[in-house]
Amino acid sequence: MLSADIKGFLESSLLEEYLLGLTNAEETQHVEQMLAKHAEARDAYEKLQDSLEFMAENMAMPAPEGLRQRILNDLQAQRPEAAVVSVRRKTSWMAVAATIAAVVMAGFGLMQYNKAQDLQDAVDLLTAEIEILESTAQGQQVQFASLQNQLDMISDPSTEKFVLRGNDKAPQFEAIAYWNETSKQSYLDIRNLPELPDRKCFQMWADVDGEMISVGVIPETDEPLVALTFLDNAESLNVTIEPEGGSDHPTVTDLVANVVI
Amino acid sequence: MDLLKQRDRRFVEVLYDRYADRLYGLAYSILKDDVIAQDAVQESFIKIWKKATEFDPDKARLFTWSYQIVRNTSIDKLRSHQKRGSREIQIQTEDVSHMGHMDVVPEHMDVSEHLSRLEEKYRTVLHLLFFQGMTQQEASEALDIPLGTVKTRLKIGLRELRKVFTDTTMALILALLII
């Protein structure tokens, strides 16, 4: 019987068994629930992982010559199904997203970029990301899977990309909307969000059958991609300036960008 | 090379450079054969790459997760290489008492010395479970002690280990301060 009592849980050897990968499905779920709910459990688990690293360091042996290259050759031979993505929520990630977007969007001729330099930046960034991912101090929160999903989506050939550029009202505004009607996903890559007066925000709308429906307030964020609400049969995307928090209906006189999709 | 492939390659390179020695040590410890251990590590890295999108940092650190993959892969190989019939359970006392290969990797010597302060009964259980890929049941049979005792020694062993390396870390920090 797996009790929800934290004290009993910490006194049992369940967490140690979970570390080893020895727990069955029921026990695993129980452990994960306890970890989610109790900071003491998380703390104990962090300490166990420290111990694992210490032990493994102690048992380390120099890996044989040639193994590294064999692994890389093997990797080369694999089909590119899984693209590895590792990220930290910092503005610098946008450089990588931009690089990827650039490669994908090369046909649009929308960006001038130095491919070699961007590639190096991307590689350096990835190295840095792995180091951070690995760092034990506070366990950075990284959303691997969701970013992979985003990456898949923007690289998908059936995804459409639309550039939104600001008009006179906000000439610096620039964003790229990724819109996929098959998977019904949409994301916004915010390139440049001009400063707005206090208590104002940018909001995006989709024109569906003549009616403007909100797909979201555009946040000020370092996120590389922001999820938007996907709407079927959207004919255009529009950005207006609205009061902070957004509006139910667009202030049409404050339209700053518009693109037909 | 296309961008995605280049990035993946870099990911594996960085992971390898950071973890290979530890993971190879683990595989070798379970398999006791250089060639098979290398195969295990190679397969594991490919698995890690393939499953990278499943990696959930909330559930485990990257090293912990990699460790589990190598451990499982090595155990699978051990089972398939074993003669049909009884599983040979080898408790090589040199392994357990040194818990490391001090002569091969001198920089680990300090760590081993500290680890040797851990009582043998705990070291043995930790070694069998973490570095010989045994289940708790197998360890119980190998050591001829009750399953409950294995669980207890696992728990206490790790707790004692933590004290050991906290002391080690403290000693290192002090040593650095003195310099």
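Which residues form one aromatic cluster with B:Tyr67? B:Phe130 and B:Phe131 do. The model is predicted, with local features requiring pLDDT of at least 70 and side-chain atom pairs pLDDT 80 or more, while totals for chains, interfaces and linings use all residues. Residues are numbered from 1 along each chain as its sequence is written, chains are lettered from A and ligands numbered from 1 in the order in which they are written, and side-chain values use heavy atoms, without hydrogens and water.

**View 1. Chain B, overall.** Chain B has 8 helices and 0 strands, in the order α-α-α-α-α-α-α-α along the sequence. Helices (H or I, at least four residues) and strands (E, at least two) are DSSP runs, numbered from the N terminus. Of the 179 residues in chain B, 50% are buried; buried means under 20% relative accessible area, exposed over 50%, and partly exposed in between (1.4 Å probe, protein chains only).

**View 2. Helix α5 of chain A against helix α2 of chain B.** The axes of α5(A) (residues 67-77) and α2(B) (residues 34-50) come within 10 Å and cross at roughly 40°. Axes are lines fitted to C-alpha atoms, for helices over the stretch in contact, with angles from 0 to 180 degrees between N-to-C directions. The two helices are therefore oblique to each other (under 35 degrees is roughly parallel, over 145 roughly antiparallel, 65 to 115 roughly perpendicular, the rest oblique). From α5(A), A:Leu67, A:Arg70, A:Ile71, A:Asp74 and A:Leu75 meet residues of α2(B), including B:Val41, B:Phe45 and B:Trp49; contact means heavy atoms within 4.5 Å.

**View 3. B:Tyr16 and B:Phe45.** Over all chains there are 8 aromatic pairs. Rings of Phe, Tyr and Trp (its six-membered ring) pair if their centres lie within 6.5 Å; planes under 30 degrees apart count as stacked, over 60 as edge-to-face and the rest as tilted. B:Tyr16 and B:Phe45 form a tilted pair, 5.5 Å centre to centre with 45° between the planes. B:Tyr16 lies in helix α1 (residues 3-31) and B:Phe45 in helix α2 of chain B, so the pair ties together parts 29 residues apart in sequence. Both B:Tyr16 and B:Phe45 are buried.

**View 4. B:Tyr24 and B:Tyr28.** The ring centres of B:Tyr24 and B:Tyr28 are 6.1 Å apart and the planes at 45°, so this pair is tilted. Both residues lie in helix α1 of chain B, 4 residues apart, about one turn of the helix. B:Tyr24 is buried, at 3% relative accessibility, whereas B:Tyr28 is partly exposed, at 25%.
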